[in-house]
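Work through the exercises below with the coordinates open. Each task is followed by a stepwise solution.

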Amino acid sequence: MFWATILMSFREIRRNTMRSALTTLGIVIGVSAVIAMVTLGQGATARVTGDIAKMGNNMLMVMPGSDKRGPTQTTATPFKLADVQAIQRDISAVGDVAPASGKSVLTVYGNKNHSATVNGTTNGFFAIRGYEVEVGRLFSDAELLGGQPACVLGTTVKKELFGGQDPLGAFIRVGTVSCRVVGVLKSKGQSTFGMDQDDFLVMPLRSFQRRLAGSIDVGMIYVSAKSEGALTKAKSQIEALMRERRRIAPGGEDDFTVRDMKEIADTLSSVTGALTALLGSIAAVSLLVGGIGIMNIMLVSVTERTR
């Protein structure tokens, strides 16, 4: 009986080849659309999560100024090196700490020039942000403490100024400062948001402050927690310490912000997850339409055989 049913099915498929092909096509298109949309959404989520992870290892960013926006917002006091030292000394959940200040400048080598961001910081910046040296080295103690104008280039700056030449040991002009190239970083490429993660160069903080910024202010503090599980603890400890150091009264509004990259990643993942669900729902409509078409064809087939 079973094999007779199977043979009858194949006989009917051969007898109505076009109708069978259209029926199969409706289901294939519907299922393929659902799979493709869900896969695209999951791929976007994975890429966003990966790009956030590339930005730093268990990283927190401490910045002057609150997240509050409005016409009454006031400029917050910049950080000092003493704040950086206090975080390193007093926060138990913290690993590396790197003060940083940035500025957009024109870099020049020979007859080539390129506008890029220069970051004044310490060697801890590279470990926290997950950058590795491709050729050359990081800053020596003499360069960090003495404020000697050395620089490490991102691959985009290296390509724009040197092309295929070896930049090590060459002197470039960064703003008004002559700076010796001591290293080139490995490329991270472009992020999901279209940002070039290699279009910058790094100088020792003291050199940046003395020769480019003209002040001892610290624009941002990069902090890495000892582990992913210690991020929340490190964040709360930093907030308590900075409130104390900046003399913010209990109940007063913070004039600084501590951003947790894990929270940002979770937020973006939830957004892309919702987008995946939406795309899947839209694709499911194709599957539903295909199913209705098959039901219609089956109904017609049964009806035309019923007396």
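The model is predicted, so local features need pLDDT of at least 70 and side-chain atom pairs count only at pLDDT 80 or more, while totals for chains, interfaces and linings use all residues. Residues are numbered from 1 along each chain as its sequence is written, and side-chain values use heavy atoms, with hydrogens and water left out.

**Exercise 1. Summarise the protein chain.**

Step 1. Secondary structure comes to 9 helices and 10 strands; these are DSSP runs, helices being H or I of at least four residues and strands E of at least two, numbered from the N terminus.

Step 2. Of the 307 residues, 38% count as buried. Buried means under 20% relative accessible area, with a 1.4 Å probe and protein chains only.

Step 3. Among contacts with a separation of 6 or more, 75% join residues 24 or more positions apart; a contact is heavy atoms within 4.5 Å.

**Exercise 2. Locate the largest nonpolar core.**

Step 1. A nonpolar core is a set of buried Ala, Val, Leu, Ile, Met, Phe, Trp, Tyr and Cys residues joined through side-chain atoms within 4.5 Å. The largest one has 23 residues, of which I87, V94, I221, V223 and I238 touch the most other members.

Step 2. At least two residues each come from β1 (59–64), α3 (81–90), β2 (94–109), β9 (220–225), α8 (231–245) and β10 (256–260). The most, 5 residues, come from α8.

Step 3. A second, separate core has 19 residues, including M59, A100, Y131 and F139.

**Exercise 3. Describe how α3 packs on α8.**

Step 1. The angle is about 140 degrees and the axes are 11 Å apart. Axes are lines fitted to C-alpha atoms over the stretch in contact, and angles run from 0 to 180 degrees between N-to-C directions.

Step 2. This angle makes α3 oblique to α8, since under 35 degrees counts as roughly parallel, over 145 as roughly antiparallel, 65 to 115 as roughly perpendicular and the rest as oblique.

Step 3. From α3, the contact uses A82, D83, A86, I87 and D90; from α8, I238, L241, M242 and R245.

**Exercise 4. Is V62 buried or exposed, and what does V62 touch?**

Step 1. V62 lies in strand β1 and is buried, with a relative accessible area of 0%.

Step 2. Leaving aside neighbours within four places in sequence, V62 contacts F79, M220, I221, V223, I238, T257 and V258.

Step 3. V62 and F79 are 17 residues apart in sequence and 9.4 Å apart in space, C-alpha to C-alpha.

Note on methods: Buried < 20%, exposed > 50% of the residue type's maximum accessible area, 1.4 Å probe, protein only.
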